[in-house]
Amino acid sequence: MNTVANQRRFSFRKIVMRFGFLIVFAAFFLFFAAWNPVFVQGQNLLNIVEGSAILIIIALGMTLIVATGGIDLSVGIALDFGAAFAVVAMKSYGMGWFPAACVGLIGGSLVGLLNAALVVGLRISPFLATLGTFFIGSSVQRIFTNGGGPISHRQMQDGFRNIAQGDLFGIPTEVIIAVVLVVIYYFVLERSVWGRQVHAIGMQRSAAIVAGIRVNRILIACFVFAAITCAVGGLIAAANIRMFTPLSGFSYLLDAIAAVFIGAALHPRGRPNVPGTLAGVLFLGMLTNGLNLMGLDFNTKDALSGIILVSALALAVAQRNMRNAD
Amino acid sequence: MQASARNQKHRLATIVGLLPLIIFLALLLYVGLNAPNFMTIVNLKLVLAQSLTVVLSVIGLSAVVMAGGDDVVSGGIDMSIPATAVLCAGIVAVMTGAGQPAILAALAALVAAMLVGVVNAVLVTRLRMAPLLATLAMFVAVVGITNVITERKRLNLNVESIAALRGDIAFGIPLGILIVAILSLLAWFFLHRSKWGLNLQAAGGSRDAAEISGIRVDRLVAQSYLVAAFMGFVTGFFTLARANGYSPGAQDNLLLEMVLATFLGAAFSPRRIVTVWGAILGAVLVAAISIGLKTIGVNVFWTDLIKGALIVIVVALSAISQWAQ
């Protein structure tokens, strides 16, 4: 009798442990769908994915850095630099759209190089190093734009505009770019020796050094790779609104961190991982879209999504704790 | 021979360790030489008044860092203090604006602040969430709630007792500075000179060792978040007094300055740990630099760059001196 009750309790626990977050994900999905049928229409679901494209890209970069055991507060700066370099290259130097996009990526990589120099060269902790980069990068943008005015480029070439506005077989280009990056990140971080080494550094750095992993080289590569990824997000943002808006990247920072940690909590061993990050981003994207469709006012929507964010994170972490306790 | 080499190395480390403070003082001296008005009592008062909100919040943050350990990602950190401050400022501004007595408004704000503290404590000690993540998410949620309460509007202050924090003079010293000085002394006493404070530091220094010697680490960590929330509550009143009302968006700058001051403070301390004095010194120096640069006519856009460079230089120097030792 007792054992039966126990078993039932345990199986319930197991369900929560395994699917807790997914159940909440589904519950919100059904709730939004019941509230407004428009929510589940194909076009709106595509809107959710399209609206999350930049966040997915930023969150991928963040996943890589968190996997090394650090954190990157300057992802937004890399995004801004990517957008700024590309827009200025086209507008002031009359470059074609493809070289300009490459210039944007190079601009973003500068941010990664600075981070790498601070973290690897000067041995500053990633949090403080990237906070420093954040201050410096913000200031550079203000100086460059004389206070933070946007640089618009109305006559943007179609090629560049297509980065955000074009489509391939009806799928928006930005979604395709995001999916390609997700696949690349998945194979590099989860399915390659190099990815294993990154995780090893993040889990136990001294052991990684003893095992002969070239820690410094990998860390530099991670910071530069993450920054270039964020710069891709910057290209999309710039192509979308045909201008560079200084300091616009900051708004992605908290969401990216949240998505990565929701994803890490979903992982059996609590590691940041690409599929988990993707789930986290889609959850946040669904939340924003669903709350918008409910027709709430701006402030209420913000507060609700903040509260749901805290609860979702708490749930994801609780789920991991229960799993680890067994 | 060997001893003298070690001695020399030690001396080198000490000099490198003092460099952060020397750089700051040199920068201030440079400003002072270029702007004769800078090194005056009036300006000193201005600098102190400017730094009050940051000083109050760094006291809370240093309590949390001392209890949780100083690793920024996995150790103790409370990013939600500035959000708690604007929440309290918003509640007080809205309630007094609606004609409620100031005492009632303050009580409501205190309850709200303590709720934030309790949620932080539960997330960190019960759910074992990484403090950085938990408090960052709380920052977003609390700012969101504040925006609902205040409708993101600028609200003027009509409570004289709060405005007194800015204008009034007591015993020849501005009242606000006096109150913050007393609170700082209390914080120093409780965190650095009481048994509770020493237990707190032991908990942060080495969690396992503290637990083995019978210290209830989780309880201390939880208490540190309540202290932080309370300091956020106090900061709220000074935010109101300084801006003569509630203005939306004050939290972002406070967050950055709070983190900057606390970890700069750690670079000033001999053992490179976060201390109350170090953090307060950091807060005052950052305010002094900001005002000083403004006085000698440096473009405002450059101040962030200089702040960022300062973090990097100071933290790098402290890392190098630790490594040299």
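Buried means under 20% relative accessible area, exposed over 50%, and partly exposed in between (1.4 Å probe, protein chains only). This is a predicted model: local features need pLDDT of at least 70, side-chain atom pairs count only at pLDDT 80 or more, and totals for chains, interfaces and linings use all residues. Residues are numbered from 1 along each chain as its sequence is written, chains are lettered from A, and side-chain values use heavy atoms, without hydrogens and water.

**View 1. Salt bridge K153(B)–E151(B).** The two side chains meet at 2.8 Å, N to O. A salt bridge is a side-chain nitrogen of Lys or Arg within 4 Å of a carboxyl oxygen of Asp or Glu. K153(B) is partly exposed at 44% relative accessible area. E151(B) is partly exposed too, at 47%.

**View 2. Salt bridge D218(B)–R128(B).** The closest N and O atoms are 2.7 Å apart. D218(B) sits in helix α10 (217–243) of chain B and R128(B) in the loop between α4 (102–126) and α5 (131–150), so the pair ties together parts 90 residues apart in sequence. Helices are DSSP runs (H or I, at least four residues), numbered from the N terminus. Relative accessibility is 26% for D218(B) and 41% for R128(B).

**View 3. Interface of chain A and chain B.** The contact (heavy atoms within 4.5 Å) takes 37 residues from chain A and 37 residues from chain B. About 3500 Å² is buried, 82% of it from carbon and sulfur atoms. Buried area is the accessible area (1.4 Å probe) that two parts lose on being put together, summed over both. In chain A, F127(A), F135(A) and N299(A) lose the most area to chain B.

Notes:
Helix = DSSP H or I, 4+ residues; strand = E, 2+ residues; numbered from the N terminus.
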